[in-house]
Each structure stands twice: as C-alpha cells, then as structure tokens.
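Visitor: Could you take me through this model and explain what lies behind the words used for it?
Guide: Gladly; here it is.
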Amino acid sequence: AIAFCQYSLLSKEKEVRYLSSLSLGILFFELALLERNTGVQKIHLGNALQFFKMAKGIVGIDQHTLLYLALIEVARDDLMGSAVYLTRAAYYTKKPRPLFFALSQIYLKFGMERVSLFYFKKAAKKSRTSESPAYQY
C-alpha cells in the first residue's frame, strides 16, 4: 500500500496526488498509534505530519487535513498546537459545533476560562441559530 501511494504521488492529476498524500499521512498516523516504541512512534508521526502538510500544499487548506494535523499534535502531547489546527478547521467546516466544544475543553484544561467560555458560547450559538438540523447533536 505504501509503495502504491508513493508511486501515485508522481501523478499529474492533482486529486490523485492529494488523495495519495492524505492516505500516506493516515497510514503513518495509524502505524504510530500501534507502535509501542516511542522512538519509532515519533518517526511515524513525523512522516504522517509531512504527508499531511504535502496534502495541504497540493489543494490548500481543507478541514480533513487540518483535523488530522490536530490529531498529530494531540498524539505528540501538544494540545495547544492541536487547538491551532482545530480553530482553523472550525472555519472550514459546515459543522463547527463539535470543534468549538473541543476548543472550549482544551482551553479550560489550560485554565484559560475566558477563552474557553468564548468557544463554548460560539458552539451554543451555532446550535441555536442554525436552521439546519445537522447542527443539532
């Protein structure tokens, strides 16, 4: 699977390159989650990070890449780094409510009550003002 995706990165088709780099990022992220050796885990996370950044470079910013970048930061024990990507992802998705709630919890954990309340209110506002039932969780 890795060799096929790496070969696909050479494609002239933008979408094929994007999907291949995203697939490789997901693959290395999952390998990192399965790995017990922290040194090897860091290598896999580094590889995943590079492929997700490559995907972002091919198509620009999209919610999927930003969410995986946030997950990598969590796996690296960097919640504030994760918050940066979650904040950006919240503005690229049609359903930001769960991301605003996650941001509220992250900032609460760091003792930043005002920032936490800001995101909590944004999540609550999205659920009240949206006409779409998709926002109702």
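Visitor: Where does T65 lie, and what makes T65 count as buried or exposed?
Guide: T65 lies in helix 4 (residues 63-75), a helix being a DSSP run of H or I with at least four residues, numbered from the N terminus. Its relative accessible area is 1%, and because buried means under 20%, exposed over 50% and partly exposed in between (1.4 Å probe, protein chains only), T65 is called buried. Leaving aside neighbours within four places in sequence, T65 is in contact with Y18, L22, F52, A55 and K56, where contact means heavy atoms within 4.5 Å.

Visitor: How do you know how far to trust the model?
Guide: This is a predicted model, in which local features need pLDDT of at least 70 and side-chain atom pairs count only at pLDDT 80 or more, while totals for chains, interfaces and linings use all residues. Residues are numbered from 1 along each chain as its sequence is written, and side-chain values use heavy atoms, with hydrogens and water left out. On pLDDT, the predictor's confidence in each residue from 0 to 100, the protein chain has a mean of 87, with 91% of its residues at 70 or more. Over residues 131-137, however, pLDDT stays under 50.

Technical notes. Helix = DSSP H or I, 4+ residues; strand = E, 2+ residues; numbered from the N terminus.
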